[in-house]
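Biologist: Could we go through this model together? Please begin with its overall make-up and then turn to details.

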Amino acid sequence: MSRSTGMPRIRSLLPSLTMLVSTFAVTWLTLGLVERANGLLYLWPLTGLQLGLLLPMWQTGWSALLPPLASGAIGIMLGATAAGMPGGAAVMVGLISACDVTLAAWIMSPGILRFDDLKERSKVLRFGIASLVAPLIMGTAAALATIPVTHEPFGRIVTATVLADSLGIAIVLPAILFLTSGEYRDPGKLRPFLLRGTIAGVVFVAMACYAFWQNRNPILYAVFPPMVMMVLAMGLEGATFTGVALTVIGCTATHLHHGPIWLAVGASNEHRMVMMQTFLWVGAATALPVGALLDERRRAERSTNEARSIYQTLLQNAEDMIILSSMDGNRRYISPAVKSLTGWTPEEFMALDRLQTFHPDDRDLAGLVMESMASGKQEHVFRYRMAQKSGGYRWVEAVARAYFDEKTGQVRGYVGTIRDISSLKQYEETWEQERETLTREKQAMAKLAHTDALTVLPNRRAFDDALYMELNRSVAMTVMMIDVDFFKAYNDSYGHQAGDECLRKIARALEGQVGRGNDLVARLGGEEFGVLLPGADLEGARRVADAMLNAVWGLAVEHKASPMGRLSVSIGIASWDDARGRNTALLIQQADRALYVSKRSGKNRITVAGAMPVAV
């Protein structure tokens, strides 16, 4: 077998070997030192010993637990047999012990696996239940098994075995867990407690020895004051030490016929041992819960102190200024960040009137925030200008959170977190200016995109958008399509510059004939114009068209290529009394057809869709 494979196998066998050797030694020595029949009453440390070795590995599963559990039972059987106990009785004692350990471990796990688990209130209760229930059940079974050996009454055996088994769990289990998994196994961790623990321990041992090695006075109560000292000095560790020390001193002295227990007149040795175990059980039941609760409180205090230290460190190094204040303005705390934010020290700032630190224009805002918090709103976020020691003000953002009286529910004060936003404010102002500039540029570009460059009238896109929007707002709609007569011939005769000037004149003439806010005259392209008259009836549209036709004619622009000798236009009109939900393209097409009729009928005239053209 190679060394690499041998070491893991040895490690896996180590718990079983430890359990076998320890249970064998305790059983053999106990039964060897004490009369065999009475020695069964002294085997109570075995349950605590086995539990202490098994609990740390309880979560590994039954495949890992069964070998050491079986080894413990075998060790007890072998130790009892070696001490002279009959084989059948030895097997029975070993099996009952294994069942006892299994039941107690099942009750304690998974809450109690290490010594430090006993320092929690809920787990101390679990430990106490396991220390009573498992011994009561299995002690009864053990009494039935040992009656043939001890020849004692059933009640006496049950009392002795249950008490002994419970004491074994209460005294031995914490000691074994401390040795295998205790937080303070490391001498470096024990060092802060050694001085006071050593003094208290010496006093306790001295008092215990004095109480148990004299037979004149029943002063068992004298061990309790130094026991309390030891528990106060070291917590659960001190309670564990006092339990073990008191057990060793008391049992040894009692076995050697020393101590107050022997003052009981007419009591048998077994009865005296039960009295001794009862005293030890009372001592353990007193010291262990007190030590556990004391450790739990100390751990909570350490956590609180650590949290307070971390909190204070954060406050000391936080860049944001933090204020703790009552509602009447009496500040209780100002963080050091106030120095970098305002120039004042915390003491100087605390002496200032609260409103004095606000810009005059922001003091009404501060008053409103305070009123809102007083009325029950818990959190506010606001910006204001904070006064500076050097003069002037700085923009800050404050987050104020109210805190309440738990009994009355009234607001007692607030915690304010204040941070410098002067740089952010500058960025915001710059961004706002840029946004306004971009908005103006966007509006200008949008206007440019909807404007005809030559006539400065709305273009075809603006015409279509306006028609769509107006149809969603108006019921009646009239569209006019206008075309300049013989405009190509005009351009050929007078040139394109004259043609452009001609279009500008016509645009002004047409636009001058509409007066309502929603009316629109647009150049649709080339020599074609469009007019929207939202809400106008046919009669009103006809009057506008007449005015436009006459206005262009009245320009008296010479046009030699026209049979009429001057510039003129033709108009087509389409009108719907209810245009909602209808196709706008159809309305424009109807106006276009009416315009075509005007052009074909001799020009310089008006045609209404569905009617005969009319010359003016």
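This is a predicted model: local features need pLDDT of at least 70, side-chain atom pairs count only at pLDDT 80 or more; totals for chains, interfaces and linings use all residues.

Biologist: How many helices and strands does the protein chain have?

Modeller: The protein chain has 20 helices and 11 strands. Helices (H or I, at least four residues) and strands (E, at least two) are DSSP runs, numbered from the N terminus.

Biologist: And how much of the protein chain counts as buried?

Modeller: Of its 616 residues, 46% count as buried. Buried means under 20% relative accessible area, exposed over 50%, and partly exposed in between (1.4 Å probe, protein chains only). The protein chain exposes about 31600 Å², and carbon and sulfur atoms supply 59% of that area. Accessible areas come from the Shrake-Rupley method with a 1.4 Å probe; for residues, only the protein chains shown count as cover.

Biologist: Which residues have the most contacts inside the largest nonpolar core?

Modeller: They are Met108, Phe212 and Leu246, in a core of 54 residues. The largest share of this core, 8 residues, comes from helix α11 (residues 269-317). A nonpolar core is a set of buried Ala, Val, Leu, Ile, Met, Phe, Trp, Tyr and Cys residues joined through side-chain atoms within 4.5 Å.

Biologist: What does Phe212 touch?

Modeller: Leaving aside residues up to four places away in sequence, Phe212 touches several residues, including Leu246, Ile249, Met276 and Phe279. Contact means heavy atoms within 4.5 Å.

Biologist: Changing topic, how many bridges join β3 to β4?

Modeller: Strand β3 (residues 379-387) and strand β4 (residues 393-404) run antiparallel and are joined by 9 bridges. Two strands pair if DSSP finds at least two bridges between them. Val381 stands opposite Val399 in β4. The hairpin of β3 and β4 has 5 residues between the strands, and Gly391 takes a positive phi near 105° there.

Biologist: What about β4 and β5, how do they run?

Modeller: β4 and strand β5 (residues 411-420) run antiparallel, joined by 9 bridges. Ala402 has Tyr414 in β5 as its bridge partner. In their hairpin, with 6 residues between the strands, Gly409 has a positive phi near 75°.

Biologist: Is Asp519 buried or exposed?

Modeller: Asp519 counts as buried because its relative accessible area is 13%. Asp519 lies in the loop between α18 (496-511) and β7 (520-525). Among the residues that Asp519 touches, not counting those up to four places away in sequence, are Val514 and Leu532.

Biologist: Where does Val456 lie, and what is its phi?

Modeller: Val456 lies in the loop between α15 (422-449) and α16 (460-473). Phi of Val456 is near 60°, a positive value in a residue other than glycine. With 62% relative accessibility, Val456 counts as exposed.

Biologist: And Phe486, what is its phi?

Modeller: Phi of Phe486 is near 55°, again a positive value in a residue other than glycine. Phe486 is in the loop between β6 (477-484) and α17 (487-494), and at 28% relative accessibility Phe486 counts as partly exposed.

Conventions:
Residues are numbered from 1 along each chain as its sequence is written. Side-chain values use heavy atoms; hydrogens and water are left out.
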